[in-house]
Amino acid sequence: MQSMTVTSPAETMQLGQQLAKLVQPGDLILLDGDLGAGKTTFTKGLAAGLGIDRNVKSPTFTLIREYQQGRLPLYHMDVYRLEDGGAEDLGLEEYFDGDGVSVVEWSQFIADILPSDYLRIGLSRSGTDDDQRTITLTPKGARYQQLVAQLEG
Ligand code: ADP
Ligand code: MG
């Protein structure tokens, strides 16, 4: 596990952009944190880093948005609406097994259907500065340990 502190939305996006250089087909990134923590901001950076020249908006109502314009497809999910269940019927596994990078906001609501390996990125407000966030990287499985090591390198 690794933690870092950022002090602006731009810095959070920059971390997403760095991760974008390293992701591979089939990678799964979980973004966990409260409303306004910066999950979508991070995803915007990741999308930009993949070369996706689109305005990335949180798919709160559609649950998923797909972007095919970048180096890899990006599957951006926001499963907040599945707080009370229902993930089983949606076929999200097809995205996890797909050729793109899956990013899931509020992944705790679909804990039952998550694959065993992923990179969990926790974001939380920290300090007294409104723009400060603590970002924690928790890899599960060899692939994501390697990814975090590369990100540090
Ligand atoms: P979430 O998807 O977690 O609900 P958003 O990324 O949509 O959060 O919103 C985060 C809000 O917090 C944005 O208005 C953003 O400008 C602001 N913000 C302030 N500081 C940061 C930071 N360091 N990282 C990310 N967002 C920040
Ligand atoms: Mg969001």
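How do the residues of the shell around ligand 1 divide into nonpolar, polar and charged? I counted 4 nonpolar, 6 polar and 5 charged. For this sorting, Ala, Val, Leu, Ile, Met, Phe, Trp, Tyr, Cys and Pro count as nonpolar, Asp, Glu, Lys and Arg as charged, and the others, Gly among them, as polar.

**Entry 1: ground rules**

I am working with a predicted model, where local features need pLDDT of at least 70, side-chain atom pairs count only at pLDDT 80 or more, and totals for chains, interfaces and linings use all residues. Residues are numbered from 1 along each chain as its sequence is written, chains are lettered from A and ligands numbered from 1 in the order in which they are written, and side-chain values use heavy atoms, with hydrogens and water left out.

**Entry 2: the whole protein**

I started with the overall layout and found 4 helices and 7 strands. Helices (H or I, at least four residues) and strands (E, at least two) are DSSP runs, numbered from the N terminus. Along the sequence I read the pattern β-α-β-α-β-β-α-β-β-β-α. The radius of gyration is 14 Å, close to the 15 Å that the globule rule gives for 153 residues, so the protein is as compact as a globular protein of that length. That radius is taken over C-alpha atoms, and the rule is 2.2 Å times the number of residues to the power 0.38. Along the principal axes, the C-alpha atoms fill a box of roughly 40 × 30 × 30 Å.

I also looked up burial: 45% of the 153 residues are buried. Buried means under 20% relative accessible area, exposed over 50%, and partly exposed in between (1.4 Å probe, protein chains only).

**Entry 3: back to ligand 1**

I found 15 residues around ligand 1, and the closest are Thr12, Gly36, Lys39, Thr41 and Asp131. A residue is near a molecule if one of its heavy atoms lies within 4 Å of it. Helix 1 (9–22) and helix 2 (39–49) each supply at least two residues of this shell, and helix 2 gives the most, with 3 residues.

Next I looked for polar contacts, meaning pairs of N or O atoms within 3.5 Å; within protein, one must be able to donate a hydrogen and the other to accept it, and residues adjacent in sequence count only if both atoms are side-chain atoms. A backbone N or O atom of serine 8 lies 3.1 Å from a nitrogen atom of ligand 1. Polar backbone atoms also approach oxygen atoms of the ligand, at 2.8 Å for glycine 36 and at 2.9 Å for glycine 38. The protein covers 74% of the 570 Å² of accessible area that ligand 1 has on its own. These areas come from the Shrake-Rupley method with a 1.4 Å probe; for residues, only the protein chains shown count as cover.

**Entry 4: the magnesium ion**

Which residues coordinate the magnesium ion (ligand 2)? I found Thr40 (OG1) and Glu105 (OE), at 2.1 to 2.2 Å. Threonine 40 lies in helix 2 and glutamate 105 in strand 5 (residues 101–105), so the pair ties together parts that are 65 residues apart in sequence. Donors are N, O and S atoms within 2.8 Å of the metal (3.2 Å for Na, K and Ca); water is not among the atoms, so sites may look incomplete. Threonine 40 is buried at 18% relative accessible area, and glutamate 105 is buried at 2%.

**Entry 5: two more residues**

Threonine 43 sits in helix 2 and is buried, at 0% relative accessibility. A polar atom of its side chain lies 2.8 Å from the backbone oxygen of lysine 39.

Is aspartate 84 buried or exposed? I noted it as exposed, at 78% relative accessibility. Aspartate 84 is in the loop between strand 4 (74–78) and helix 3 (92–96).
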